[in-house]
Amino acid sequence: MAGRPAAALGLAELRLPEEEQATSMPGRRTPHAAHRQWIGVPPHIAKWVGDPTRAWEMLSPKQKHEALPIAGFTAPGPQQAGTIRFVCVSDTHCAASMPVIPYGDVLLHAGDWTQTGGLREVAAFRDWLKSQKHARKICIAGNHDLTMDGSSICDTARRFGLVGSGSAEGELEQLCATARQMVESACALRNECLRVVGFLM
């Protein structure tokens with residue numbers, strides 16, 4: 001394939017044009033020099049590497065979604081004596097209608113319980129979580145649960161409309177603190193480890 005132009009190989013220059021860098025929204029970053037070429041990404045989409053939301057808006061219409069059978073997961077059958085049953089879910093994204101969650105000893109939500117981490121979304125998730133009958137509940141925040149991560153909230157809050165442009169100092173910290181307190185019926189893991197002792201049968 002020597003001699004073929006880069007565009008024909010699916011290579012794209014990821015450096016943002018200077019005018020876009022000058023007017024970029026908060027949180028947008030110019031790609032590192034070592035990552036300026038992606039294989040298989042159309043150039044008109046790759047130029048939005050600093051704005052993944054915009055890139056996804058352009059890609060998503062071409063994505064195909066297929067519903068997978070979940071009967072074996074929502075109705076797993078009787079639990080064997082002397083065992084601990086983990087029920088694991090993720091990416092619920094404020095779903096208006098949730099599938100039936102089977103009972104177990106531990107409910108593990110592996111993240112993305114909201115769309116952007118707004119307090120109304122977090123409150124809805126908290127209420128749903130409280131309604132579950134599992135004895136132990138563990139939540140691990142996902143990349144959509146923005147208000148659970150105080151280290152990045154400055155970059156993401158205004159970009160996703162969680163606060164206004166003229167927000168007062170300390171408002172972001174309070175936003176995160178309120179969101180974390182809302183997930184009060186779960187053991188939320190935030191840069192922590194949990195050891196589960198068990199054995200294979």
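How many salt bridges does the structure hold? The structure holds 1 salt bridge; point 7 returns to the pair.

1. Basis. This is a predicted model: local features need pLDDT of at least 70, side-chain atom pairs count only at pLDDT 80 or more, and totals for chains, interfaces and linings use all residues. Residues are numbered from 1 along each chain as its sequence is written, and side-chain values use heavy atoms, with hydrogens and water left out.

2. Confidence. pLDDT is the predictor's confidence in each residue, from 0 to 100. The protein chain averages 75. A pLDDT of at least 70 is reached by 73% of the residues. Over residues 1-36 the value stays under 50. For that stretch the model has 50 contacts beyond four places in sequence, a contact meaning heavy atoms within 4.5 Å. Where pLDDT is low, the predicted coordinates should not be read in detail.

3. Architecture. The protein chain has 7 helices and 6 strands. These are DSSP runs, numbered from the N terminus: helices are H or I with at least four residues, strands are E with at least two. Along the sequence the pattern reads β-α-β-α-α-α-β-β-α-β-α-α-β. Take the contacts between residues at least 6 apart in sequence: 57% of them join residues at least 24 apart.

4. Burial and surface. The protein chain has 201 residues, and 31% count as buried. Buried means under 20% relative accessible area, exposed means over 50%, and partly exposed lies in between (1.4 Å probe, protein chains only). The accessible surface of the chain is about 13,400 Å². Carbon and sulfur atoms account for 56% of that surface. Accessible areas come from the Shrake-Rupley method with a 1.4 Å probe; for residues, only the protein chains shown count as cover.

5. His-93 sits in the loop between β3 and β4 (106-109). His-93 counts as buried because its relative accessibility is 19%. Its phi is positive, about 45 degrees, although His-93 is not a glycine. Asp-91 lies in the loop between β3 and β4. Its phi is also positive, near 55 degrees, in a residue other than glycine. Asp-91 is partly exposed, with a relative accessible area of 45%. Not counting residues up to four places away in sequence, His-93 touches Asp-112, Trp-113, Thr-114, Gln-115 and His-144.

6. Thr-114 belongs to the loop between β4 and α5 (119-131). Thr-114 is buried because its relative accessibility is 0%. A polar atom of the Thr-114 side chain lies 3.4 Å from the backbone oxygen of His-144. Such a polar contact is a pair of N or O atoms within 3.5 Å; within protein, one must be able to donate a hydrogen and the other to accept it, and residues adjacent in sequence count only if both atoms are side-chain atoms. Neighbours within four places aside, Thr-114 contacts His-93, Cys-94, Glu-121, Val-122, His-144 and Asp-145. Asp-145 is in the loop between β5 (136-140) and α6 (153-156). Asp-145 counts as buried because its relative accessibility is 2%. Its side chain reaches the backbone nitrogen of Gly-142 at 2.8 Å. Beyond four places in sequence, Asp-145 is in contact with Gly-111, Asp-112, Trp-113, Thr-114 and Gly-117.

7. The salt bridge. Asp-127 pairs with Arg-126, and the closest N and O atoms are 3.2 Å apart. A salt bridge is a side-chain nitrogen of Lys or Arg within 4 Å of a carboxyl oxygen of Asp or Glu. Asp-127 counts as partly exposed, at 43% relative accessibility.

8. Nonpolar patch. Ile-84, Phe-86, Leu-194 and Val-196 form a nonpolar patch on the surface. Their accessible area together is about 380 Å². Patches are made of residues with over 30% relative accessible area and no salt bridge; like charges are joined within 9 Å, nonpolar side chains (Val, Leu, Ile, Met, Phe, Trp, Tyr) within 5 Å. Phe-86 lies in strand β3 (residues 86-89). Phe-86 is partly exposed, with a relative accessible area of 36%.

9. Helix α6. Thr-156 is found in this helix. Thr-156 counts as buried, at 13% relative accessibility. Its side chain reaches the backbone oxygen of Ser-152 at 3.2 Å.
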